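The sequence and structure come first.

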Amino acid sequence: MATLLISDLHLHPGAPAVTEGFLRWLDERARGADALYILGDFFEAWIGDDLLDLGDADPTGTAALAGRVAAALRSLADAGTRLYLMHGNRDFLLGERFARQAGATLLPDPSLVTLGDERVLLMHGDSLCTRDEAYMAFRAQSRDPVWQEQILAMPIPERLELARQLRERSGEANSNKAEDIMDVTPDEVVKAMHEHGVTTMIHGHTHRPAVHDLEVDGHAARRFVLGDWQPGIGWEIEAAPGHDLELRRLDLSS
(Lines give C-alpha, C1' and ligand atoms only; values in the text may rest on other atoms or scores of the structure.)
Protein backbone atom coordinates (compact mmCIF):
# COMPACT_ATOMS: atom_id res chain seq x y z
CA MET A 1 0.00 0.00 0.00
CA ALA A 2 1.28 3.46 -0.90
CA THR A 3 1.88 6.48 1.27
CA LEU A 4 1.02 9.87 -0.23
CA LEU A 5 2.38 13.29 0.73
CA ILE A 6 0.99 16.69 -0.27
CA SER A 7 1.26 20.30 0.92
CA ASP A 8 0.35 23.89 0.19
CA LEU A 9 -3.23 23.50 -0.97
CA HIS A 10 -4.12 26.89 0.56
CA LEU A 11 -7.80 25.94 0.60
CA HIS A 12 -10.16 28.89 0.83
CA PRO A 13 -13.65 29.79 -0.44
CA GLY A 14 -12.23 32.01 -3.17
CA ALA A 15 -10.63 29.04 -4.95
CA PRO A 16 -13.44 26.47 -5.29
CA ALA A 17 -11.69 24.68 -8.16
CA VAL A 18 -8.80 23.76 -5.87
CA THR A 19 -11.19 22.41 -3.24
CA GLU A 20 -13.15 20.38 -5.79
CA GLY A 21 -9.94 19.03 -7.31
CA PHE A 22 -8.68 18.01 -3.88
CA LEU A 23 -11.94 16.27 -2.96
CA ARG A 24 -11.87 14.31 -6.24
CA TRP A 25 -8.24 13.41 -5.60
CA LEU A 26 -9.14 12.15 -2.13
CA ASP A 27 -11.86 9.92 -3.50
CA GLU A 28 -10.15 8.68 -6.64
CA ARG A 29 -6.47 8.62 -5.70
CA ALA A 30 -5.99 8.67 -1.93
CA ARG A 31 -8.67 6.14 -1.06
CA GLY A 32 -6.93 2.87 -0.27
CA ALA A 33 -3.61 4.52 0.58
CA ASP A 34 -1.88 3.36 3.73
CA ALA A 35 -1.22 6.93 4.89
CA LEU A 36 -1.63 10.54 3.81
CA TYR A 37 0.66 13.30 5.06
CA ILE A 38 -0.38 16.94 4.58
CA LEU A 39 2.73 19.03 5.20
CA GLY A 40 1.31 22.44 6.04
CA ASP A 41 -0.63 25.32 4.51
CA PHE A 42 -3.62 23.05 4.02
CA PHE A 43 -5.76 26.16 4.49
CA GLU A 44 -4.96 29.65 3.27
CA ALA A 45 -5.75 30.93 6.75
CA TRP A 46 -6.96 29.42 10.02
CA ILE A 47 -8.04 31.60 12.94
CA GLY A 48 -8.82 28.80 15.40
CA ASP A 49 -10.90 25.64 15.59
CA ASP A 50 -13.85 27.51 17.09
CA LEU A 51 -14.43 28.86 13.59
CA LEU A 52 -16.16 25.52 12.95
CA ASP A 53 -18.97 26.60 15.30
CA LEU A 54 -20.05 29.29 12.85
CA GLY A 55 -20.97 26.92 10.04
CA ASP A 56 -22.90 28.77 7.35
CA ALA A 57 -22.91 31.89 9.54
CA ASP A 58 -19.21 32.47 8.82
CA PRO A 59 -19.16 35.46 6.47
CA THR A 60 -15.94 34.26 4.83
CA GLY A 61 -17.30 30.78 4.02
CA THR A 62 -14.25 29.14 5.56
CA ALA A 63 -16.20 27.30 8.27
CA ALA A 64 -18.50 25.59 5.76
CA LEU A 65 -15.53 24.70 3.55
CA ALA A 66 -13.58 23.32 6.52
CA GLY A 67 -16.53 21.23 7.64
CA ARG A 68 -16.86 19.72 4.19
CA VAL A 69 -13.15 19.01 3.94
CA ALA A 70 -13.05 17.49 7.44
CA ALA A 71 -15.92 15.17 6.55
CA ALA A 72 -14.10 13.99 3.42
CA LEU A 73 -10.93 13.35 5.40
CA ARG A 74 -12.89 11.50 8.08
CA SER A 75 -14.40 9.26 5.40
CA LEU A 76 -10.89 8.43 4.18
CA ALA A 77 -9.68 7.77 7.74
CA ASP A 78 -12.68 5.55 8.47
CA ALA A 79 -11.78 3.52 5.37
CA GLY A 80 -8.37 2.75 6.87
CA THR A 81 -5.99 5.49 5.71
CA ARG A 82 -3.87 7.07 8.45
CA LEU A 83 -3.94 10.87 8.20
CA TYR A 84 -1.31 13.31 9.45
CA LEU A 85 -1.47 17.12 9.47
CA MET A 86 1.52 19.42 9.88
CA HIS A 87 1.21 23.15 10.54
CA GLY A 88 2.30 25.62 7.90
CA ASN A 89 2.91 29.34 8.00
CA ARG A 90 -0.74 30.01 7.07
CA ASP A 91 -2.57 27.52 9.28
CA PHE A 92 -0.40 27.35 12.40
CA LEU A 93 -3.52 27.66 14.60
CA LEU A 94 -5.00 24.37 13.40
CA GLY A 95 -5.81 22.46 16.57
CA GLU A 96 -6.77 19.12 18.01
CA ARG A 97 -10.49 19.73 17.51
CA PHE A 98 -10.18 19.97 13.73
CA ALA A 99 -7.77 17.03 13.71
CA ARG A 100 -10.24 14.85 15.64
CA GLN A 101 -13.10 15.87 13.37
CA ALA A 102 -11.02 14.95 10.34
CA GLY A 103 -9.72 11.70 11.84
CA ALA A 104 -6.16 12.99 11.63
CA THR A 105 -3.12 13.29 13.89
CA LEU A 106 -1.24 16.58 14.24
CA LEU A 107 2.39 16.07 13.29
CA PRO A 108 5.27 18.10 14.76
CA ASP A 109 7.50 20.08 12.43
CA PRO A 110 9.99 18.55 11.84
CA SER A 111 9.08 14.86 12.01
CA LEU A 112 11.14 11.79 11.29
CA VAL A 113 9.17 8.97 9.63
CA THR A 114 9.88 5.71 7.89
CA LEU A 115 8.73 5.43 4.28
CA GLY A 116 9.38 1.93 3.00
CA ASP A 117 12.81 1.07 4.34
CA GLU A 118 14.01 4.67 4.47
CA ARG A 119 14.05 7.22 7.29
CA VAL A 120 12.78 10.52 5.91
CA LEU A 121 12.67 13.99 7.46
CA LEU A 122 9.36 15.78 6.90
CA MET A 123 9.03 19.55 7.31
CA HIS A 124 6.77 22.33 6.12
CA GLY A 125 9.91 24.12 4.97
CA ASP A 126 9.50 27.67 6.24
CA SER A 127 11.98 27.11 9.08
CA LEU A 128 14.67 26.54 6.43
CA CYS A 129 14.26 30.03 4.93
CA THR A 130 16.58 31.70 7.40
CA ARG A 131 17.74 34.45 5.01
CA ASP A 132 14.26 35.98 5.28
CA GLU A 133 14.91 37.58 8.63
CA ALA A 134 11.59 39.45 8.81
CA TYR A 135 9.63 36.26 8.25
CA MET A 136 11.72 34.29 10.74
CA ALA A 137 10.92 36.89 13.39
CA PHE A 138 7.20 36.54 12.65
CA ARG A 139 7.52 32.75 12.69
CA ALA A 140 9.06 32.82 16.16
CA GLN A 141 6.24 35.06 17.39
CA SER A 142 3.44 33.05 15.78
CA ARG A 143 4.68 29.76 17.26
CA ASP A 144 4.82 31.23 20.78
CA PRO A 145 2.06 29.55 22.87
CA VAL A 146 1.45 32.76 24.82
CA TRP A 147 0.96 34.77 21.62
CA GLN A 148 -1.35 32.09 20.24
CA GLU A 149 -3.45 32.14 23.41
CA GLN A 150 -3.81 35.91 23.10
CA ILE A 151 -4.92 35.62 19.49
CA LEU A 152 -7.40 32.81 20.21
CA ALA A 153 -8.91 34.90 23.03
CA MET A 154 -9.88 37.63 20.55
CA PRO A 155 -13.45 37.70 19.18
CA ILE A 156 -13.78 35.83 15.88
CA PRO A 157 -14.49 38.98 13.80
CA GLU A 158 -11.26 40.54 15.07
CA ARG A 159 -9.31 37.39 14.23
CA LEU A 160 -10.79 37.33 10.73
CA GLU A 161 -9.68 40.90 10.19
CA LEU A 162 -6.22 40.16 11.59
CA ALA A 163 -5.84 37.19 9.23
CA ARG A 164 -6.83 39.41 6.30
CA GLN A 165 -4.28 42.01 7.30
CA LEU A 166 -1.51 39.44 7.74
CA ARG A 167 -2.15 37.97 4.28
CA GLU A 168 -2.13 41.45 2.77
CA ARG A 169 1.12 42.41 4.48
CA SER A 170 2.73 39.11 3.51
CA GLY A 171 1.85 39.63 -0.14
CA GLU A 172 3.22 43.16 -0.12
CA ALA A 173 6.41 42.12 1.67
CA ASN A 174 7.08 39.15 -0.61
CA SER A 175 6.67 41.27 -3.73
CA ASN A 176 9.68 43.30 -2.60
CA LYS A 177 11.94 40.39 -1.61
CA ALA A 178 14.61 38.79 -3.74
CA GLU A 179 13.72 35.30 -4.93
CA ASP A 180 16.65 33.62 -3.20
CA ILE A 181 15.68 35.12 0.17
CA MET A 182 12.33 33.32 0.02
CA ASP A 183 13.94 29.98 -0.84
CA VAL A 184 15.57 27.62 1.65
CA THR A 185 19.08 28.29 2.93
CA PRO A 186 21.25 25.40 1.66
CA ASP A 187 23.32 25.23 4.84
CA GLU A 188 20.12 24.92 6.92
CA VAL A 189 19.03 21.96 4.81
CA VAL A 190 22.32 20.16 5.37
CA LYS A 191 22.24 21.04 9.08
CA ALA A 192 18.72 19.64 9.55
CA MET A 193 19.52 16.44 7.68
CA HIS A 194 22.76 15.97 9.63
CA GLU A 195 21.03 16.52 12.98
CA HIS A 196 18.36 13.90 12.18
CA GLY A 197 20.73 11.43 10.52
CA VAL A 198 18.88 11.24 7.20
CA THR A 199 19.71 11.49 3.52
CA THR A 200 16.16 12.26 2.36
CA MET A 201 14.06 15.32 3.19
CA ILE A 202 10.55 16.24 2.01
CA HIS A 203 9.05 19.70 2.43
CA GLY A 204 6.76 22.26 0.82
CA HIS A 205 6.33 26.00 1.48
CA THR A 206 8.49 27.45 -1.31
CA HIS A 207 6.11 26.48 -4.14
CA ARG A 208 9.13 25.34 -6.17
CA PRO A 209 8.54 21.63 -6.87
CA ALA A 210 11.73 19.76 -7.64
CA VAL A 211 14.10 17.03 -6.50
CA HIS A 212 17.50 18.37 -5.44
CA ASP A 213 20.64 16.26 -5.11
CA LEU A 214 23.11 17.21 -2.40
CA GLU A 215 25.71 15.73 -0.05
CA VAL A 216 25.33 15.27 3.70
CA ASP A 217 28.20 13.95 5.80
CA GLY A 218 29.87 12.55 2.69
CA HIS A 219 26.75 10.69 1.55
CA ALA A 220 24.52 11.35 -1.45
CA ALA A 221 21.26 12.92 -0.31
CA ARG A 222 18.00 14.19 -1.79
CA ARG A 223 15.59 17.01 -1.01
CA PHE A 224 12.07 16.65 -2.41
CA VAL A 225 10.03 19.85 -2.68
CA LEU A 226 6.26 19.62 -3.06
CA GLY A 227 4.44 22.18 -5.19
CA ASP A 228 1.42 24.31 -4.37
CA TRP A 229 -2.01 23.38 -5.71
CA GLN A 230 -3.72 25.54 -8.31
CA PRO A 231 -7.03 25.19 -10.20
CA GLY A 232 -6.57 22.01 -12.24
CA ILE A 233 -3.08 21.30 -10.89
CA GLY A 234 -1.82 19.44 -7.83
CA TRP A 235 1.39 17.84 -6.58
CA GLU A 236 2.03 14.63 -4.68
CA ILE A 237 4.86 12.39 -3.61
CA GLU A 238 4.20 8.66 -3.56
CA ALA A 239 6.15 6.23 -1.43
CA ALA A 240 5.30 2.69 -2.53
CA PRO A 241 6.89 -0.60 -1.45
CA GLY A 242 9.66 -1.64 -3.82
CA HIS A 243 9.71 1.73 -5.60
CA ASP A 244 11.68 4.93 -5.21
CA LEU A 245 9.98 8.09 -3.98
CA GLU A 246 8.29 9.87 -6.87
CA LEU A 247 7.23 13.51 -7.17
CA ARG A 248 4.26 13.91 -9.51
CA ARG A 249 2.39 16.83 -11.07
CA LEU A 250 -1.33 16.04 -11.06
CA ASP A 251 -3.90 16.95 -13.68
CA LEU A 252 -7.05 17.81 -11.70
CA SER A 253 -8.89 19.52 -14.53
CA SER A 254 -11.69 16.95 -14.65
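D8 touches G40, D41, H124, G204, H205, H207, G227, D228 and W229, with residues up to four places away in sequence not counted. The model in which these contacts were computed is a predicted one. D8 sits in the loop between β1 (3-6) and α1 (16-30). Its relative accessibility is 0%, so D8 counts as buried, the cut-off being under 20%.

**Annotated positions**

In the UniProt record, D8, H10, D41 and H207 are listed under "binding site", in an unreviewed entry. These positions span 200 residues in sequence, yet no two of their C-alpha atoms are more than 11.3 Å apart, so they gather at one spot.

The annotation "binding site" in UniProt, again from an unreviewed entry, also covers D41, N89, H124 and H205. Here the span is 165 residues in sequence, while no two of the C-alpha atoms are more than 8.2 Å apart, so this set too gathers at one spot.

D41 is named in both annotations. Its place is the loop between β2 (35-39) and α2 (62-78). When neighbours within four places in sequence are left aside, D41 is in contact with D8, L9, H10, G88, N89, R90, D91 and H124.

H205 lies in the loop between β7 (200-203) and β8 (210-216). Its contacts, with neighbours within four places in sequence left aside, are D8, N89, H124, G125, D126 and C129. The side chains of H205 and N89 are joined by a polar contact of 3.0 Å.

Is H205 buried or exposed? With a relative accessible area of 16%, H205 is buried, because the cut-off for this class is under 20%. The table sets the value beside those of other residues in this report.

| Residue | Relative accessible area | Class |
|---|---|---|
| D8 | 0% | buried |
| D41 | 1% | buried |
| H205 | 16% | buried |
| F43 | 0% | buried |
| F98 | 0% | buried |
| R131 | 34% | partly exposed |

R131 is located in the loop between β6 and α4 (133-142). From R131 to V184 the separation is 53 residues in sequence and 7.9 Å in space, taken C-alpha to C-alpha.

**The five-stranded sheet**

The strands β7 and β8, on either side of the loop that holds H205, are part of an open sheet of five strands. The order is β5-β6-β7-β9-β8, and the pairing is mixed. At the edges are β5 (111-115) and β8, each of which pairs on one side only. On average, neighbouring strands of this sheet are turned by 30 degrees against each other, direction ignored.

How many bridges join β8 to strand β9? There are seven, and the two strands run antiparallel, with β9 made up of residues 219-225. V216 stands opposite H219 in β9.

Helix α7 (residues 186-196) lies across β5, β6 (118-122), β7, β8 and β9. Relative to β8, helix α7 runs at about 65 degrees.

**Aromatic pairs**

The structure holds 13 aromatic pairs. In the pair of F43 and F98, the ring centres are 5.5 Å apart and the planes are at 85 degrees, so the pair is edge-to-face, a class that requires an angle over 60 degrees. F43 lies in the loop between β2 and α2, and F98 in helix α3 (residues 96-102), so this pair ties together parts that are 55 residues apart in sequence. Both F43 and F98 are buried, with a relative accessible area of 0% each.

F43 and F98 also belong to a cluster linked by ring pairs, whose members are F22, W25, F42, F43, W46, F98 and W229. The loop between β2 and α2 that holds F43 is also the place of D41. Another cluster member, W229, is among the contacts of D8.

Terms used: Residues numbered from 1 in each chain as written. Predicted model: local features only at pLDDT ≥ 70, side-chain atom pairs only at ≥ 80, totals over all residues. Heavy atoms only, no water. UniProt positions renumbered as here; feature names shortened; annotations may be inferred. Helix = DSSP H or I, 4+ residues; strand = E, 2+ residues; numbered from the N terminus. Buried < 20%, exposed > 50% of the residue type's maximum accessible area, 1.4 Å probe, protein only. Contact = heavy atoms within 4.5 Å. Polar contact = N/O pair within 3.5 Å; in protein donor to acceptor, adjacent residues only side chain to side chain. Pairing = 2+ DSSP bridges. Axes fitted to C-alpha atoms, helices over the stretch in contact; angles between N-to-C directions. Phe/Tyr/Trp six-rings, centres within 6.5 Å; stacked < 30°, edge-to-face > 60°.
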